[in-house]
Amino acid sequence: MYRPIFSLCLLGAAFIASSIPHLANAQDRSVNEERISFQQGAFGAEIRGTIKGAEIKDYLIGVEGGQILTVTMKSDSAASYFNVIPPSESDAATFIGSTSGERYRGLLAEGGDYTIRVYMMRSAARRDEEANYAIDVAVRSEGVSAQGPGATDALIPNTLFHARGELRCAIATVPDVNRCSFGVIRRGEGSATIVVTKPDLTTRGLYFEKGNFTRADDFNPMNAEEVRQATREGDETIVQLGQDRFVVYDAILFGG
């Protein structure tokens, strides 16, 4: 049985938290906000706490665009969940725990403060139920760091990206969308990692080596069996991931 510990504990890192109570939008649910900070060289933290009723706890973590964020939550209540909200949004989540489970892992499309929001489902909140939880948080740059000749390109502030823009796309769930935003990390000679943001704010990572598509992210288990293929048309690579299609032109990979 999970035993509640009413403190925040770091795994190999210093943790600094400041509590700032405020109201959550039109829902008028009480929110406590705490900031997570890491000492140089640290990458992981364990957060433990308790929520009750309509209370919400927001954990803010500052990251760079292009890094990989992993969040895993364990709780003694089946009615408690967490969402992940990107810096440019106040409520719209890129991950919703009540429908997606207890683990999030994704390439980050933008830099800034991401919010890990812990909450009770409304039915449990109305009954004033309580939940004890433990959250593991990690931020890494593995496999996406800018190395090689591409590292001489200027980086966009607060990101690992050398460039941002839009590329042509076709998203099965949103048929009227034909453009998706992207950020690219160039490693030189056409090797690059491209982080594409879909209309629902989720991201897909596209990996290229010497101008050739090699793989896509495997963060979502539901994507494991999807059809993945790439074809060349002129100076473009058309990447098909399941029912979604992304068109990557060579200038994204090579610059210029």
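How do the residues of the lining of the largest pocket divide into nonpolar, polar and charged? There are 11 nonpolar, 12 polar and 8 charged residues. Here Ala, Val, Leu, Ile, Met, Phe, Trp, Tyr, Cys and Pro count as nonpolar, Asp, Glu, Lys and Arg as charged, and the others, Gly among them, as polar. The model is predicted, so local features need pLDDT of at least 70 and side-chain atom pairs pLDDT 80 or more, while totals for chains, interfaces and linings use all residues. Residues are numbered from 1 along each chain as its sequence is written, and side-chain values use heavy atoms, without hydrogens and water.

**Largest pocket**
- Its volume is about 880 Å³ (the space filled by probe spheres set on grid points joined across faces, edges and corners).
- A pocket is an open set of points, on a 1 Å grid over the protein atoms alone, where a 1.4 Å probe fits, with protein on both sides within 12 Å along at least five of seven lines; lining residues have an atom within 4 Å of a point.
- The lining holds 31 residues, and Asp-200, Thr-202, Asn-220, Met-222 and Asn-223 lie nearest the centre.
- Strand 9 gives the most, 5 residues (strands are DSSP E runs of at least two residues, numbered from the N terminus).

**Second largest pocket**
- The second largest pocket has a volume of about 220 Å³.
- It is lined by 18 residues, with Ala-109, Glu-110, Tyr-114, Thr-197 and Thr-203 closest to its centre.
- Strand 13 (179-188) supplies the largest share of this lining, 3 residues.
- This lining divides into 9 nonpolar, 7 polar and 2 charged residues.

Definitions and conventions: Helices (H or I, at least four residues) and strands (E, at least two) are DSSP runs, numbered from the N terminus.
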